Every structure is written in structure tokens, then in C-alpha cells.
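This briefing gathers computed features of one protein chain for a reader who works with models of this kind. Please keep the sequence and the structure in view while going through the points.

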Amino acid sequence: MLDTVPLQSRFLGHADHYARWSCLAIGIVAAQHLVVMDSGDITMPLVFAITAFGLCAVGGVLLGDALTLRPLEAVRTASLAPRLIRDQVPPRMTPLLLLQAASLVTLLLIGAVTASSDFDRTGTAGRVLVVTCEGMPASLGPWPGLYYSGPMFAALTVGTSVCVWALRRIAQSPGDDRQRRDRAWAITGAWGLLVSSQVLLVVLMVLVALTDKTCAGPLGAAAVAAVCPLGLLGMFTFGWSLATVVVPRAVDDEVADDGMFDDE
């Protein structure tokens with residue numbers, strides 16, 4: 001039997017997968033180039049690389065969602081209750097990602113407030129934490145001050161805004177519940193990549209700054225103990241988010257079959 005499905009339709013049927021994988025690859029290549037770019041600060045290229053990778057992941061999923069074929073037949077959209085975003089996103093991982101995002105914002109705000117200029121170098125405002133060590137001022141860094149957190153705040157704001165907009169559009173779009181959930185899970189995973197990668201970078205910066213010298217004191221030790229669990233959570237959510245973006249189907253059959261909404 002001849003294949004009567006048009007080539008364009010077959011391509012568009014998997015266009016979301018191609019867009020996700022292509023933009024992830026672009027993000028990896030861009031991150032590699034940004035990491036090795038010439039800079040007087042070894043940390044800023046890493047900040048740009050992580051930020052570029054996360055934004056490429058978000059862009060790829062949004063592009064794939066835009067290319068996803070919509071149902072051509074008439075779809076009944078009447079419902080007893082409006083669809084909500086929280087009904088489409090992963091029920092277990094979304095609270096963890098929100099907690100992680102709130103922790104990231106908190107760390108960046110604390111870093112911006114406590115960061116200072118390195119007294120040994122000019123033009124280092126917002127890069128280090130100045131403490132007193134044996135009666136002498138000492139700078140600990142790199143510290144997630146405003147110099148580093150500015151690009152991260154900008155990327156987080158842009159990425160969160162477009163992902164929330166996309167989730168609202170998906171919740172109100174036609175189609176079956178499984179398709180909507182697949183798309184919503186992919187966008188949640190892309191946002192999770194953006195957030196978790198930034199969390200891991202901030203945790204790394206804090207650990208390097210506070211363990212480089214023995215000047216942090218008890219408060220520094222408490223900070224290290226506080227950010228370590230956040231780093232472990234970041235590694236877990238990064239792995240889940242990457243798998244959710246890469247795999248063709250984000251929702252397994254058991255989850256998709258539970259609590260299916262009646263649109264009639």
C-alpha cells in the first residue's frame with residue numbers, strides 16, 4: 001500500500017521534536033563558544049553560556065509548539081469549567097521548579113545586596129563579597145552580585161514570561177487533553193532547564209567563594225550547608241527537564257490517562 005500521507009504533513013508531525021533537538025544543539029554550541037571567549041573575568045563567560053543554553057532550550061520548545069499540527073476536524077470546546085494552567089503542567093515537578101525559582105531569586109537578591117567592590121581591583125563592583133579575615137579585609141569571589149545576576153535576572157524574566165504566555169495559550173487551545181499536556185510538559189521542562197542551570201551556577205559560585213578561604217566564618221558555613229541541598233535539587237530537576245525536552249512524549253500513558261478532562 002502506497003504511503004498517501006503528504007511529505008509536508010509527515011515532517012510537521014515531528015517538527016516539534018526537530019525544533020527542540022536543533023535548538024538544544026545550538027545552545028550547546030553557543031555555550032561552548034561563550035565559555036572560551038576572551039574576558040578578564042573567568043566567571044562572566046560561564047554566566048553567558050548558561051544563560052544562552054537555557055534561552056535556546058526555551059526557544060526550541062516554543063518554536064516546536066508553534067509548528068505542531070493542530071487538529072483539522074471540528075473540536076468541541078464547551079466545558080463545564082475553564083481549563084487552568086495548573087491542570088496541564090506536571091503535578092509533582094512543577095512545585096519543585098517553582099520552589100527552585102523562588103530560591104534562585106532569593107539568592108540573587110541576597111547576592112546583589114551583599115556584593116561589594118574588590119578593594120584590590122578597579123571596576124569590580126558587584127563581583128565579590130568583602131569580609132574581615134584576621135582583622136584585615138578580604139574579598140571572596142566570584143559572588144553572585146548584580147554584575148553577574150543582571151543577565152541572569154533578564155533571562156529568567158524573559159523566559160518565565162514567554163513560558164507562562166505559552167502555557168496559557170495551550171490551556172485555551174483546541175485538541176485532546178493528552179496533546180495539550182504533552183506540549184505543556186515540554187514547555188515546563190524547557191523553563192526548568194533555564195532555572196535549574198542558573199541555580200547550579202549560583203550554587204557553584206557561592207561554594208567557591210565561601211570555601212576558597214577560611215574567612216567566611218560560621219555564617220559562611222551555614223550558607224554552604226543551606227545551598228548544598230539546593231544544588232542537589234538543581235541536578236535532579238536539570239536531568240528531569242532535559243529528559244522532558246528531549247524525549248518525544250513528555251507524559252507517560254498512566255499520567256495522561258489519570259484525570260482526563262471531559263470537554264463535552
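A residue counts as buried when its relative accessible area is under 20%, as exposed when that value is over 50%, and as partly exposed in between. In this predicted model, 43% of the 264 residues of the chain count as buried.

**Overall fold**

- The chain has 8 helices and 2 strands, and, read from the N terminus on, its elements follow the order α-α-α-α-β-β-α-α-α-α.
- Among the contacts in the chain with a separation of 6 or more, 75% are accounted for by residues 24 or more positions apart.
- The chain exposes about 13,900 Å², and carbon and sulfur atoms supply 67% of this area.

**Nonpolar surface patch**

- Tyr18, Trp21, Leu242 and Val246 make a nonpolar surface patch of about 320 Å².
- At least two residues of this nonpolar patch come from helix H2, which spans 15-35, and at least two come from helix H7, which spans 217-246.
- Trp21, one of the patch residues, has its place in helix H2, and with a relative accessible area of 35% Trp21 is partly exposed.

- Val131 belongs to strand E1, which covers residues 129-133, and Val131 counts as buried because its relative accessibility is 16%, a value to be set against the cut-off of under 20%.
- When its neighbours within four places in sequence are left aside, Val131 is in contact with Met136, Pro137, Ala138, Leu140 and Cys215.
- Val131 and Gly217 are 86 residues apart along the chain, while their C-alpha atoms are separated by 9.3 Å.

**Cysteines**

- A disulfide is a covalent bond between the sulfur atoms of two cysteines; when the rule applied here asks for a pair of cysteine sulfur atoms within 2.5 Å, the count comes to 0 disulfides.
- Is Cys56 buried or partly exposed? Cys56 is partly exposed, since its relative accessible area is 21%, whereas Cys163, at 3% relative accessibility, counts as buried.

Key
Residues numbered from 1 in each chain as written. Predicted model: local features only at pLDDT ≥ 70, side-chain atom pairs only at ≥ 80, totals over all residues. Heavy atoms only, no water. Patch = residues over 30% accessible without salt bridge, like charges linked within 9 Å, V, L, I, M, F, W, Y side chains within 5 Å. Areas by Shrake-Rupley, 256 points an atom, 1.4 Å probe, with all protein chains shown as cover. Salt bridge = Lys/Arg side-chain N within 4 Å of Asp/Glu carboxyl O. Helix = DSSP H or I, 4+ residues; strand = E, 2+ residues; numbered from the N terminus. Buried < 20%, exposed > 50% of the residue type's maximum accessible area, 1.4 Å probe, protein only. Contact = heavy atoms within 4.5 Å.
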